[in-house]
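Please view the sequence and the model before reading on.

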Amino acid sequence: MGIDILHGISEKDKEFIKQRFLRRHIYEHNAGIVDQEYLDKSQDTSVKLGQIVREKSSNVTSLIKLVRQIAVNYDKEFHAIK
């Protein structure tokens, strides 16, 4: 039995989480400028190569809520292991 940290999270939200974590790469390494690696891995069609990406505060709030749900799932399932 494994721990399903994404239990109860919709496919749309899973894709949102993936994209936001992939964007971390461009914020951390490229000062927010989209590179080919990001485009290849994310399949994000809302941005173009070389574009500067900024996050809306609503996206940050949504990500925080989803990461919290992941943490709750992990904690709950970890303590259910026998």
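## Terms and basis

Contact means heavy atoms within 4.5 Å. The model is predicted: local features need pLDDT of at least 70, side-chain atom pairs count only at pLDDT 80 or more, and totals for chains, interfaces and linings use all residues. Residues are numbered from 1 along each chain as its sequence is written, and side-chain values use heavy atoms, with hydrogens and water left out.

## Arg23 in helix α1

Arg23 is found in helix α1; helices (H or I, at least four residues) are DSSP runs, numbered from the N terminus. Arg23 counts as buried, at 5% relative accessibility, where buried means under 20% relative accessible area and exposed over 50%, with partly exposed in between (1.4 Å probe, protein chains only).

Leaving aside residues up to four places away in sequence, Arg23 touches Tyr38, Asp44, Ser46, Val47, Val53, Arg54 and Glu55. The side chains of Arg23 and Asp44 are also joined by a polar contact of 3.0 Å. A polar contact is a pair of N or O atoms within 3.5 Å; within protein, one must be able to donate a hydrogen and the other to accept it, and residues adjacent in sequence count only if both atoms are side-chain atoms.

## Two loop residues with positive phi

Most residues other than glycine have a negative phi. Ala31 is not a glycine, yet has a positive phi of about 55 degrees. Ala31 lies in the loop between α1 (11-30) and α2 (36-42) and is exposed, with a relative accessible area of 62%.

Gln43, also not a glycine, has a positive phi of about 60 degrees. The loop between α2 and α3 (57-80) holds Gln43, which is exposed at a relative accessible area of 59%.
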